[in-house]
Amino acid sequence: MSLSGPIAAILLGSTPALAQRAGENAATQSSDAFGRSVGNEKTGLYNSEEVRGFNPVDAGNARLEGLYFDQVDRISTRIIDGSTIRVGAAALRYPFPAPTGLVDYSLTKPGKDASYSVNLEYGSSFSIGPGGSVEFKQPFGDGSFGISGGIGFRNATRFEGGQSLYRPVGLTAAWRPQAETEVLLFVGDFIYRSDELRPIYYPDGTSPPPRIERGIDLSQPWAGRNQDLWTGGAIVKTPLLGLKLEAGLFYSARDQHSVYADLMRGVAADGSVATRRIIAERDNYDGSWSGEARLVKEWIGTTVNHRLVASVRGRSRNREFGGGRVLTLGTSTILRPDLRAEPVWIQGAKNRDEVRQITGGLAWSMVAPQRFSLDVGISKSRYRKALDFADAALSDPVTRDNPLLLNVAGSVHVARGLSVYAGYTRGQEEALVAPDIATNRSEAPPAIRTSQVEAGARWAITPRLTMIAGAFSIRKPYYNLDPALRYRQLGTLTNRGIEVSLTGQLAPGLTIVGGSMFLDPRISGEAIDSGLIGPRPVGQIRRRSIATLDWRLDAGRGALSFDATVESVSSRMGNAANTLVAPPRATLNLGARYRFKAAGGTWLLRPVLLNAFNEYGWNVNASGGFTYSNPRTVTLQLVADF
C-alpha cells in the first residue's frame, strides 16, 4: 500500500485531501432555514428536539440515510456528519413523510482520498472545559473499500455547575464494488460518565424562580449519570433487476448504568424549596432493532418523470424501566449548594415495555420539471405494545392498532421562480414518555394517530436566494400531567402556525439563513371543558425568530470570515393552569473563521462569543420544570485536515 495521510503530505509536499471538518459551515451549507446541523454547528428554526412544537425523535420520525430508523437516543458524533429537518417544502418528493416533520441523518463515510482531521476545542454551547476529536477516512487498494471513524472527548464543567465526561467513538466501513452500489457497516457509542445533572425547578406560584447566580453547582456529587448510547447497523444500496434496492438494518440503544433526576418542587420567591426529591435508578435499558427495505423504480420521460417506491419498514423495541427509589431530601434552596449524604437505597424489579410494528407501503411521485409535482403515499401498519409491570397488583395492558397511513402533496410552478405547494399527511407516532415528576414516571403511552395539513409558496428571488412561506395545522392527542401529577391524555392539541425562511447569498461572500415561526398551540377536550388545565400547552413557545449572517471576505474566497446569529423566542406557559409565564428572551452570538495552510494541512481557527449580552432567561420543559439559560462565554476551536 502506498504511503498516504499527513506524514506523506508533509514529507512529499503533496496536495492534501479536500477539507473535511475545516470546511464545515452550517450556514453556507443550508438550503432553507428549517434546520441543518453540520458537525458541531446548527442553524435554522428547528432541530432534532423540536419541530413545529414537537420532538421528531421521540415521535419516531427519524431517518438514517433516508431509511426508517427508530432512534432511541443521541447518536455518536463520530459516525454522523450532520442532519437535515424535512418539513414543509423541504419534505416534497420525500417518500412517507411524517405529520410533525422528519430528522434525516447522514453518515460519515470514507471516500476515494485519505484524510485525517484533528479538532481541539475549549468550551461549547453548554459547558466550559477542553474537548476535541481525532478522525480519519482511509481507502484501501483501488478505493472500492475504505473505513472512517474516530474518537472524541470532552471534560466539561457545565454552565449550571457539575462535571461531565463525554467520549464519542465510532467506525464506518464502506464497500463500493461497482457504480451505484454501496454497502455500509457502522457502529458507534456515545459514552457518558459522571454526568452530574442540573436540578429542575418547579415554582410554587405564578412567577418564575428568582434569578439564580449561574455557575453554582447545586447538584449532588453522588447523583451522576453513567450511560452508553449505542448505534449500529448496515445499509445496502444497489441496482437490482432494473430496480434499485435500498435497505437498512439499525440498532439503537440506551444502556443506563445509573441515572438520577433532581426535582425541586415548591420553589418560592426567596429561593427556598418546599420539597427536594431525587429519583434514583440503575440498569435501565431501552433498545430497538429497526429498518426498512425499498424497491425503487424510476421512469424518465421527455416531459414527466415518475418514481414508484415499495417499502417495508419495521421495529422491535424492548425497554426495561422503573424499580428505582424516590429519595426525599426535604426542604432545600436554589441559592447555594445544599450537599447531602446519599441515602441507602436498593434497586427494585423492572417493568418491561415491548413494541412490535411492521408497515408496508407504496409511494408514487410524478414530476414535470418547472411545471408541477405530485406525491402520493399509502401505508398499512400493524402495531402491538405490551406492558409487563413488576407490581403484580397492576394489570398488564396490551394495545393493538392497525392504522391506514396516507400522504398527498403537490406543487405547481405559477410563474418564473415561484411555486406553490400543499399537502396532507395522516400518520402514527409515539407519545412522549411520562416525565420524572409524574406519579407514573417513565410509562410510555401507546402510539397515537396524528394528522397535518399545510400549504405555502417557494420564491427564488435570485438564483442564489430563496424565500419559503407556509402555514400548517397539526392535530394530535395531548398527553401531560393532571393536577394529581398523573401523566395521561388530557385532550387534543392543535398546533396552527406560519413559518418563513430566507436563505442564500445576499452578495458574493455574504450568506443569510433566517426564519420565523409563529405558532398558535391550543388544547381542546375534557380537561379544558372541566377547568382542569388551561388551553395552552406547557413549555411551547408561540414565536421563534432566528437569523445568521456569514460574511467571507474577498467575495467568498478570503481566508477570514465573520458570522453573527440573533435568536429571539417568545414567552411560554410555565404551568398547566396557564397562570405562570416564562418571559421572552433574545441572544446574540458572534463568531469568526480564519483558514490557513500549514504542515501540509488545511487549518481552521474559530472563536465564538455566545450570548454576547449575557441575557438571562428561563427554559421550560413540557412538565413545567424550569432551568436557566446559558451565560455569556467564549469558545475556541482549532481544526486541521490532512
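## Paired strands

Two strands pair if DSSP finds at least two bridges between them. Strands themselves are DSSP runs (E, at least two residues), numbered from the N terminus. The model is predicted: local features need pLDDT of at least 70, side-chain atom pairs count only at pLDDT 80 or more, and totals for chains, interfaces and linings use all residues. Residues are numbered from 1 along each chain as its sequence is written, and side-chain values use heavy atoms, with hydrogens and water left out.

Start with strand β24 (residues 448-462). Strand β23 (residues 418-429) pairs with β24 in the antiparallel sense, over twelve bridges. Here valine 420 stands opposite alanine 457 of β24. β24 also pairs with strand β25 (residues 465-481), again antiparallel, over eleven bridges. Alanine 455 faces alanine 471 in β25. A hairpin of two residues joins β24 to β25.

## Salt bridges

Side chains of opposite charge can pair when their charged atoms come close. A salt bridge is a side-chain nitrogen of Lys or Arg within 4 Å of a carboxyl oxygen of Asp or Glu. The whole structure holds 45 of them.

One joins aspartate 262 to arginine 276, with the closest N and O atoms 2.6 Å apart. Aspartate 262 is in strand β15 and arginine 276 in strand β16 (residues 272-300), so the pair ties together parts 14 residues apart in sequence. Both residues are buried; that term means under 20% relative accessible area, while exposed means over 50% and partly exposed lies in between (1.4 Å probe, protein chains only). Another bridge links glutamate 354 and arginine 384, at 3.2 Å between the closest N and O atoms. Glutamate 354 belongs to strand β19 (residues 351-368) and arginine 384 to strand β20 (residues 372-388), so this pair ties together parts 30 residues apart in sequence. Glutamate 354 is partly exposed at 28% relative accessibility. Arginine 384 is partly exposed at 29%.

β24 returns in a further bridge. Aspartate 401 and arginine 449 meet at 2.7 Å, N to O. Aspartate 401 lies in strand β21 (residues 398-401) and arginine 449 in β24, so the pair ties together parts 48 residues apart in sequence. Aspartate 401 is buried at 17% relative accessibility, whereas arginine 449 is partly exposed at 46%. Salt bridges with shared partners also join Asp70, Asp73, Arg254, Asp286, Arg315, Arg317 and Glu430 into one network.

## Aromatic rings

The structure has 20 aromatic pairs. Rings of Phe, Tyr and Trp (its six-membered ring) pair if their centres lie within 6.5 Å; planes under 30 degrees apart count as stacked, over 60 as edge-to-face and the rest as tilted. The rings of phenylalanine 186 and phenylalanine 250 have centres 6.2 Å apart and planes at 40°, so they are tilted. Phenylalanine 186 is in strand β12 (residues 182-196) and phenylalanine 250 in strand β15 (residues 243-267), so the pair ties together parts 64 residues apart in sequence. Phenylalanine 186 is buried at 5% relative accessibility. Phenylalanine 250 is buried at 0%. Elsewhere, ring pairs link Tyr201, Tyr616, Trp618, Phe626 and Tyr628 into a cluster.

Charges can sit over rings too: NZ of Lys or CZ of Arg must be within 6 Å of the ring centre and within 35 degrees of the ring normal. Arginine 225 places its charged end over the ring of tyrosine 192, 4.9 Å from the centre.

Methods: Helix = DSSP H or I, 4+ residues; strand = E, 2+ residues; numbered from the N terminus.
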